[in-house]
Amino acid sequence: MMMKIEILGASGGIGKGLYTTCLRINDHTLIDAGSGLGNLPNEELRKIKRIFLTHAHLDHIAFLPLLIDVCYEFLQKPIEVFALPEVISVLKTHIFNWSVWPDFTVLPNAEHPVLTLHPVTYPHPLASEELTLIPFLVEHVVPCCGWMVEADGVRFAFTGDTTANSSLLNTLNRLGRLDALMIECAFSDRLADLAHLSKHITPKSLFDLYEKMQHPCPLWISHLKPSQTEEITQQLQHYFAESCYTLLHHGMELVLNKASA
């Protein structure tokens, strides 16, 4: 079984050629819906069936309302969104509220909406076509979860936004063997205090985490703040062998299968 992961956006900010977090897996499933979602042509947007959110910060949900709008007349079934209960509450209260955006959970009517919102409970597995997705809790400044994605023995995990602490280490160790781990590295070591306060990761804290993982695997690193990308990159090169990690950017297509696992 092949798992195709398209990096539609992986930046920690905006600027020319930069797009915020959105991954598409096997054409039909998204993790997060940041501005990277806008890189897909309309015919590809219409293939999306389910979206699994990590948290409710704008850079991870910004294009969700626009997706529903552009696909509205073509939807035979609702697009399903899965997220922590606190995230669902934010979407209902602050986004799909008729003031910021139409409430697509009741359009065209409440019995047959084009959008359904599903609260998830850790660690209950969820299905999306041939994929199984399992949420795992991480620590950020707002309620946040990562997602492990599995298909026929191939296993990939994305932490979402998180701090690197003993809780994350224990969680990753419990997940067991992974074929790849996508994880953020938002700030340089120079801003370690800010990273601590905002519950993000620096190159040093990522290296300390990686050194203690029971099942080290290839790292796919995302969410670098644009103003610090060069500095973060240099620090990662200091800590890690080149073969250990890949810096993600929009337009990348990564394939995992049993042969590569």
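**View 1. Helix 7 and helix 8 side by side.** In this predicted model, the axes of helix 7 and helix 8 (residues 229–239) come within 9 Å and cross at roughly 30°. Axes here are lines fitted to C-alpha atoms, for helices over the stretch in contact, with angles running from 0 to 180 degrees between N-to-C directions. That angle makes helix 7 roughly parallel to helix 8; angles under 35 degrees count as roughly parallel, over 145 as roughly antiparallel, 65 to 115 as roughly perpendicular and the rest as oblique. On the helix 7 side, look for P203, K204, L206 and F207, which meet I232, Q235, L236 and Y239 of helix 8 (contact means heavy atoms within 4.5 Å). These residues divide into 6 nonpolar, 1 polar and 1 charged, where Ala, Val, Leu, Ile, Met, Phe, Trp, Tyr, Cys and Pro count as nonpolar, Asp, Glu, Lys and Arg as charged, and the others, Gly among them, as polar. Helices (H or I, at least four residues) and strands (E, at least two) are DSSP runs, numbered from the N terminus.

**View 2. Helix 5 and its two ends.** Helix 5 covers residues 166–175, and its buried residues are L168, L169, T171, L172, N173 and L175. Buried means under 20% relative accessible area, exposed over 50%, and partly exposed in between (1.4 Å probe, protein chains only). The buried residues pack against strand 8 (131–138), strand 9 (144–151), strand 10 (154–158), strand 11 (180–184) and helix 7 (203–212). Just after the helix, G176 takes a positive phi of about 80°.

**View 3. E80 and its partners.** You will find E80 in strand 5 (residues 79–83), partly exposed at a relative accessible area of 23%. Beyond its neighbours within four places in sequence, E80 is in contact with K49, R50, I51, T116 and H118. The side chains of E80 and H118 are joined by a polar contact of 3.4 Å. A polar contact is a pair of N or O atoms within 3.5 Å; within protein, one must be able to donate a hydrogen and the other to accept it, and residues adjacent in sequence count only if both atoms are side-chain atoms.

**View 4. H140 in its loop.** H140 sits between strand 8 and strand 9 and counts as buried at 6% relative accessibility. A polar atom of the H140 side chain lies 3.1 Å from the backbone oxygen of K199.

View 5. Most residues other than glycine have a negative phi, and most peptide bonds are trans. H223, in the loop between strand 12 (219–222) and helix 8, has a positive phi of about 70° and is buried at 1% relative accessibility. Among the residues touching H223 is T21, itself buried with a relative accessible area of 1%. N26 has a positive phi of about 50°. Cis peptide bonds run from L107 to P108, with omega near 0°, and between Y122 and P123, with omega about -5°.

**Notes for all views.** Residues are numbered from 1 along each chain as its sequence is written, and side-chain values use heavy atoms, leaving out hydrogens and water. Local features need pLDDT of at least 70 and side-chain atom pairs count only at pLDDT 80 or more, while totals for chains, interfaces and linings use all residues.
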